[in-house]
Amino acid sequence: MNTLNRMATELVDEAIDFADELTIDVHALEGDAAVLDFGVEVPGAVEAGLVLAELQTAGLATVQTGMERVGDAPLTHVELATDHPALALLCSQKGGWELTTENFEGLGSGPARALVAEEDIFGRIGYREEEQFAVLAVETDQLPDQAVAAQVAERTGVPETGVFLPAFATASVTGSVVSAARAAELAVFRLAELGYDPAEVLSANGRAPVAPVAADEASAMARTTDALAYGSEVHLTVDEPVDDIDVDEIPSVAGAEYGRPLEGVFEDVDWAFAELPVELFGPAKVTVDVVGGDTHVVGETSGDVLAESFGL
């Protein structure tokens with residue numbers, strides 16, 4: 001298997017080739033790094049969001065849409081499936097790189113994280129990459145500039161000519177789609193946080209509704225998190241029993257603040273997410289299927305809370 005960053009770079013090349021069809025814009029920076037606008041100065045699109053979710057998982061996941069109901073409203077849902085959960089979801093898709101320069105703030109996700117590998121999860125999985133390419137998806141309300149590309153190049157050890165920065169705002173069509181694609185990632189991460197070896201997760205399949213685009217980044221963050229916390233469903237197939245962990249702690253229902261739209265919850269703590277229980281950021285309902293063993297079903301979805309959050 002090629003490195004995550006090399007596989008993602010191949011997908012970036014395809015996205016650039018079909019930029020018009022995907023309604024994305026491509027910008028070359030001074031040092032020849034490339035910024036791909038998936039939904040910052042452009043509105044974003046469903047297909048663009050699906051492609052970006054593939055980029056974030058380095059092509060190791062299948063991403064598609066379907067129609068389901070939230071209450072009485074038919075809404076687009078995104079489903080993501082992978083047989084490489086540890087690599088695709090934890091070493092690639094997961095957000096974990098806070099990008100900050102004098103004039104920029106954003107959150108990075110995608111395979112470039114594996115070139116730095118400073119997060120604890122990389123040590124647990126035992127994975128790190130060296131490459132000449134770095135693909136870092138950036139969640140932001142402004143396009144990354146030269147200083148951002150230089151920072152990414154320096155931290156990854158990649159020349160700026162090999163840095164690719166797909167960018168999207170949370171409050172965009174792309175942002176809503178990409179967020180909905182994170183249900184499986186949240187479940188695998190929660191399982192790992194509870195002490196289960198992520199290498200023993202054989203496959204992960206998650207689905208969540210695409211939240212209506214909010215008017216601003218803060219509201220969009222709350223609404224897209226609601227889509228996961230109250231509307232997502234995940235199926236995990238694992239190779240070893242889960243007897244040593246409390247699987248009831250995986251879903252969002254384990255969080256003490258569960259039960260109301262999260263914009264109010266976030267406002268109560270002045271958007272200081274570290275003050276909230278990590279369980280609140282889990283998926284809504286999860287099946288953990290042990291090969292040759294028990295099947296555990298935990299959590300629940302809440303159409304009523306989603307309808308309130310989405311304004312349905």
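**A helix, a sheet and a pocket**

Tutor: Helix α3 (residues 46–56) is mostly covered, with 8 of its 11 residues buried. Buried means under 20% relative accessible area, with a 1.4 Å probe and protein chains only. Helices (H or I, at least four residues) and strands (E, at least two) are DSSP runs, numbered from the N terminus. This is a predicted model, where local features need pLDDT of at least 70, side-chain atom pairs count only at pLDDT 80 or more, and totals for chains, interfaces and linings use all residues. Residues are numbered from 1 along each chain as its sequence is written, and side-chain values use heavy atoms, leaving out hydrogens and water.

Student: Which residues of α3 are buried?
Tutor: They are A48, G49, L50, V51, L52, A53, L55 and Q56. After α3 comes A58, which has a positive phi, near 60 degrees.

Student: New topic: how many residues are in the largest nonpolar core?
Tutor: That core has 66 residues, and F38, L236 and V238 have the most contacts inside it. Its largest share, 7 residues, comes from helix α9 (residues 183–193). A nonpolar core is a set of buried Ala, Val, Leu, Ile, Met, Phe, Trp, Tyr and Cys residues joined through side-chain atoms within 4.5 Å.

Student: What is V238 in contact with?
Tutor: Leaving aside neighbours within four places in sequence, its partners include L191, Y196, V201 and V288. Contact means heavy atoms within 4.5 Å.

Student: OK, what about the sheet? What order do its strands have?
Tutor: The open sheet of 6 strands runs β3-β4-β10-β11-β12-β13, with mixed pairing. Two strands pair if DSSP finds at least two bridges between them. The edge strands, β3 (62–70) and β13 (295–299), each pair on one side only.

Student: How do β10 and β11 run?
Tutor: They run antiparallel, and 6 bridges join β10 (residues 201–209) to β11 (residues 233–238). G206 stands opposite V234 in β11.

Student: Last one: which helix gives the most to the lining of the largest pocket?
Tutor: That is α10, with 7 residues. Of the 49 lining residues, G95, G96, L107, R182 and F273 are the closest to the centre of this pocket. A pocket is an open set of points on a 1 Å grid over the protein atoms alone, where a 1.4 Å probe fits, with protein on both sides within 12 Å along at least five of seven lines; lining residues have an atom within 4 Å of a point.

Note on methods. Buried < 20%, exposed > 50% of the residue type's maximum accessible area, 1.4 Å probe, protein only.
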